[in-house]
Amino acid sequence: MSDTLVRPSTADIVDQVTRLRPELAEGGREGDLSRRVPERVFEAVRATGAFNVSAPEKFGGLAASTRDVQAVTSAIGAGDGSLAWMAGIYNTGAWVLSLMSDQAQEDVWGERGKVGALVSIVLATTSEAVAVDGGFRITGRWTYGTGSREADWSLLGVPLKNGAGEIVDAGVALIPREDLTFEDDWFVAGMKSTASVTQLATDVFVPSHRIFRLTAAIEGEYISSNHGTSYRTMFVPSLFMNLVGPHLGMGRAALDFVVAAAETKSIAFTGYDRQADSTIFQYTLAKAAVQLAAAEALAEQVADEIYRTAERGDYAPYADRIALRAKVGWVIDTITQLISDLVTAHGSAGFADSSVLQRIWRDQAAAARHGHTLSASGYEALGRVMVGREGDARFVLPVV
C-alpha cells in the first residue's frame, strides 16, 4: 500500500537531514570527545522536526509511521549514530505520549505548534510508586537515560501496586525535567555523545493522568483519542523498530567511507598501491553492499507489516510479533558484521582517533547490544514457537 511508504512530509525532513550530513559527521567527532552532541548540531537537526515526527498532527507533528521514523533516523545515522539514537528515543517518547491521556499530551505539547518539547523514555521499573490522592509519589533511579539532559520531559518506568503492596502492573510516569536530577555516569566505549546518564527522582508527585499502564498497552489497549493508524500499531514492535534506523545509517556511513578511500589507500605489505585494484577488496565491498541492501529491505518489510496490520484493524498475536523481533535481530547482526568486514578491509588506519570509521564501529557495536533487539533471544523465542512451545518462548521473551 502506498501509504506505508515514506510520505512526502517525511521525505522533506530526510532531505534536510541529508544536507546536514557533513555537519553531523563533524559534530559526531566533537561529541565523541566531549560526551555531548554539540548544541549547534543538535539544534540544526531539531529545527528540521526530526525529533518529533511521531507526535500527533494536532500538535504540529507528522503522526509518523514506523517506516517514517526509520527513514529519518537512518538519514541522521549516516552522519552521526549517537544523534540518530537520540532521535529514535525522542520519537519513541513522542509516540508513547501520543497513546496516553489527552491531558498528558496537553501538559507537554500544549496548543498547536508546541511539538518542539522533547520526551525521553526509560522503561525499566527501577523505582517505587506510592499511591496518594490524585496520583503517585515516585522515587527512583533510572539508568541509560538517552537524551534525557536535552529532553523537556521523561517517561520513566514504575511498578504499580495494589492495596496490599503487591505489584500488579508496570507503567511509565511522565515527569518534567525540573523534577529530576542527573548523575553523570555515562562513560562508555560507544554512543558516548548520547549522554545516557542516570536520572533520579525523590518523592516526586505525578498526577494520575500522567501514568500509562503497560500491560494493557502491550496488547494494544491504548487510551488516547489519537485514532490514526500510527497510533494503533503493535506496542513493543513499534518500540524496537525505532532503534533500527540508526544501525542502517551507520552501515551506510561505513560503506561510503571505505569506498571513498579505496582509490587513494594502499594495502600494506602487498603489491596493491590502491585498494580498489584488489579482487578481495572488491569482493568485500560488493558483499557489504548486498548485505546492507538486504538489511534495509527487511527492515522496511517489518516496518510496513507493523503498519499494515494496524491498518487492517488487527493486532498480531504473540507468535507473529516474535517473528518480527527475530527479523530485527538479523538486521542488526548483519549491519554489525558488514561494518566489521569493512573495518578489516580498510585497514589499521581506521582505528586512528581521527578516523570516523572507528567511531562508527564503536557506536554501532554498543547499540547492537541493546536488549530490545538482541538476535539470540529473538531466535530462541521464535524457534520455540516454531516447534509448538509458545509457553516456553514467553519465558525467553515475555514482553514483545
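Before the sheet, one term: two strands count as paired here if DSSP finds at least two bridges between them. Also keep in mind that this is a predicted model.

Let me walk across it from the β2 side. β2 pairs with β3 in the antiparallel sense, over 6 bridges. Within that pair, Glu128 stands opposite Thr139 of β3. The two strands β2 and β3 form a hairpin with 2 residues between them. In the turn, Gly134 has a positive phi of about 85 degrees.

Next, β3 pairs with β7, antiparallel again, through 8 bridges. Here Trp142 has Gln199 in β7 as its bridge partner.

Helix α1 covers residues 8-19 and helix α4 covers residues 66-77. How are these two arranged? Their axes lie 9 Å apart, at an angle of about 5 degrees. Angles under 35 degrees count as roughly parallel, and α1 and α4 are therefore roughly parallel to each other. From α1, the contact uses Thr10, Ile13, Val14, Val17 and Thr18. From α4, Asp68, Ala71, Val72, Ala75 and Ile76 take part. Sorted by class, that contact has 7 nonpolar, 2 polar and 1 charged residues.

The other partner of α1 to mention is α2, residues 21-34. These two axes come within 4 Å and cross at roughly 60 degrees, which makes α1 oblique to α2. Val17, Thr18 and Arg19 of α1 meet Arg21, Pro22, Glu23 and Leu24 of α2. The classes in this contact are 3 nonpolar, 1 polar and 3 charged residues.

On to the empty space. Rolling a probe the size of a water molecule over the atoms shows where such space is left.

How much space lies in the largest pocket? About 700 Å³. Its lining has 27 residues, and the closest to the centre are Trp85, Ile89, Tyr144, Thr146 and His370. At least two lining residues come from each of α5 (81-98), β1 (119-122), β3 (135-145) and α12 (356-367). α5 gives the most, with 3 residues. The lining divides into 16 nonpolar, 10 polar and 1 charged.

Finally, the cavities. The structure holds 1 cavity of 30 Å³ or more. The largest cavity has a volume of about 80 Å³. Its lining consists of Ser54, Ala64, Ser65, Thr66, Val69, Trp95, Ser230, Thr233, Ser238 and Asn242. By class, those residues are 3 nonpolar, 7 polar and no charged.

That is the last item, and I will take questions.

Notes
Residues are numbered from 1 along each chain as its sequence is written. This is a predicted model: local features need pLDDT of at least 70, side-chain atom pairs count only at pLDDT 80 or more; totals for chains, interfaces and linings use all residues. Side-chain values use heavy atoms; hydrogens and water are left out. Axes are lines fitted to C-alpha atoms, for helices over the stretch in contact, and angles run from 0 to 180 degrees between N-to-C directions. Angles under 35 degrees count as roughly parallel, over 145 as roughly antiparallel, 65 to 115 as roughly perpendicular and the rest as oblique. Contact means heavy atoms within 4.5 Å. Ala, Val, Leu, Ile, Met, Phe, Trp, Tyr, Cys and Pro count as nonpolar, Asp, Glu, Lys and Arg as charged, and the others, Gly among them, as polar. On a 1 Å grid over the protein atoms alone, a cavity is a set of points where a 1.4 Å probe fits but cannot get out, and a pocket is an open set with protein on both sides within 12 Å along at least five of seven lines; lining residues have an atom within 4 Å of a point. Grid points are joined across faces, edges and corners, and a volume is the space filled by probe spheres set on the points.
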